[in-house]
Amino acid sequence: MAHISYPFKKTNKAVYKKPASVLTEDVIYWKKLGSPVLVKEFGAIDYIDFSPVEPYYFAATCSVRVQIYDPITKVVAKNISKFVEAAYGGTFRRDGRLLVAGSEESAVKLFDVQSKNVLRVFNGHTGPVHRTFFTRDQVKVLSFSDDKSVCLWDIATEEKIASFSEHTDYIRAGAPSPISPDIILSGSYDHTVKLYDCRSNETTLTVNHGCPVESTLFLPSGGIFISAGGTDIKVWDIFNGGKLLANISQHHKTITTLKLASNNSRLMSASLDRHVKIYDLATFKVVHNIDFPNAVLSMAISERDDVLAVGMIDGVISIRKRVQPVSLSEDKKGLFKFAPDHVQTVDVVVTKQKATKVAEFDNFLRKMEFTKALSVVLKSYVATKFPEKTIALIQEMLRRKVLHIAINGLSEKDIGMLLKFFRKNLGEARFTRIVIDAVNVFVDVFENKIKQFSEQNLCLYTSLQEDIQEEIEVCKRVSELEGAIGLLFSGAQVGNSLDTMELNDNLVPSSKAQKDIVIDV
């Protein structure tokens, strides 16, 4: 019977190469936000907020007005310009019927979105009010001012319910608790973030961010909040006395805005460095990055991540809408009705096959000279510059169950090179599994000959044992930490479902609001 010759299969080292830019699910998902439509406004875009109800209009606060845009047509649907001086922080109520905004005039104004009428004017601050929000029960309003105070207002009576003046500098960030109407979070330029309880009128928690705080938000569980200031994003645990859970530093200029996306499983941050970065809240790693032509001041994203609106320092709003897949229309399908199933071609081009160059260690492997093959990949140049080649060969020898033969024939010098390779790559995630298996084979081969090693190799072997012990301890600590963080975030990753409380408060303009008349221009 004639001997059949099969082509030699080269060692596959590609699987151990350093990963390039991987096309992950997140990258594909966020790249489906289509090309931006740019809209020019007068003045920097201070704040953007989406209406929680369809058709998901968004309010852009800039200059002396709040512009309400239709995200589909990208044109202004309503224009609220009842301000004498600059407007700040226009925010929708969760039913989309009311909007509250602060101003340079030190007043907080409540508007009916449909009629654009001023329904309430809350006076009491002595400095510009940069951020305003509705509380969890939707019947009160929060305001954060440059007069270093935080105020809680009752919509029905137009009265101040509570006031906190604990900060020593401007307050430009804040957030209402998602689980309680009595819990307030504020961030100030004095580098601190404070948590207040309106039931006791006390500051219940203070943490130091380390930089002027530009933005804050709660996670849906209400037990964890996030602060942004300078180039850092910090995650804090309320129930653990304000313990710092994570410090994210991915921007190189001041972070201006934080938002939650993808059903509260992703965190978005915008910065003056012209980037919007998206993080996985389970790992705090960046999963996608979006570039913009100018410094970003404000950002918001709609329900189901359909529309991303970004406001820049030069007054430009970038609107990106998610691209829907286009199906082939019926009339176009008909064009291919009579097309043949197979298109036959006459000419066949035969390409000349190029001779493939086989690596030196593959040649030795082909000749069953395993020790020589291993010696080649243990050379300093290969082991240092191309460690994936060394690992690929070791993996192939483990598969063939010949690694013990290769190791047993190594010279004293090559044994030292192998021990150095083990030490250097033990903590490399790509190689760890293979290195551990190879070390086990090494110990099996030289278990009774270790005392015969040279002094240098004996020292390397002892150091390898210490490195393995340290790696085991690190793995234990990481496993414990992973479990603790997983427990925390399993509680934090809850849906953003809201109570089905009917808000049938048909408000009419108060006497104070009727006096405060500003003609629309």
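Contact here means heavy atoms within 4.5 Å. Please bear in mind that this is a predicted model.

I begin with T61, which is found in strand β3, residues 58-62. With residues up to four places away in sequence not counted, T61 touches A44, I45, D46, Y47, V66, A87, Y88, G89 and G90. A polar atom of the T61 side chain lies 2.9 Å from the backbone nitrogen of G90. Is T61 buried or exposed? T61 is buried, because its relative accessible area is 0% and buried means under 20%.

Beyond its neighbours within four places in sequence, T256 is in contact with residues including E214, S215, A270 and V296.

I turn now to the aromatic rings. The count comes to 16 aromatic pairs. One of them, F122 and W153, is tilted, with 5.5 Å centre to centre and 35° between the planes. F122 lies in strand β9 and W153 in strand β12, so this pair ties together parts that are 31 residues apart in sequence. Both F122 and W153 are buried.

F225 and W236 form a stacked pair, 6.5 Å centre to centre with 25° between the planes. F225 counts as buried at 1% relative accessibility, and W236 counts as buried at 6%.

Finally, the charged end of R322 sits over the ring of Y29, 4.0 Å from its centre. R322 also lies over the face of W30, at 5.9 Å from the ring centre.

Definitions and conventions
Residues are numbered from 1 along each chain as its sequence is written. This is a predicted model: local features need pLDDT of at least 70, side-chain atom pairs count only at pLDDT 80 or more; totals for chains, interfaces and linings use all residues. Side-chain values use heavy atoms; hydrogens and water are left out. Helices (H or I, at least four residues) and strands (E, at least two) are DSSP runs, numbered from the N terminus. Buried means under 20% relative accessible area, exposed over 50%, partly exposed in between (1.4 Å probe, protein chains only). A polar contact is a pair of N or O atoms within 3.5 Å; within protein, one must be able to donate a hydrogen and the other to accept it, and residues adjacent in sequence count only if both atoms are side-chain atoms. Rings of Phe, Tyr and Trp (its six-membered ring) pair if their centres lie within 6.5 Å; planes under 30 degrees apart count as stacked, over 60 as edge-to-face and the rest as tilted. A charge sits over a ring if NZ of Lys or CZ of Arg is within 6 Å of the ring centre and within 35 degrees of the ring normal.
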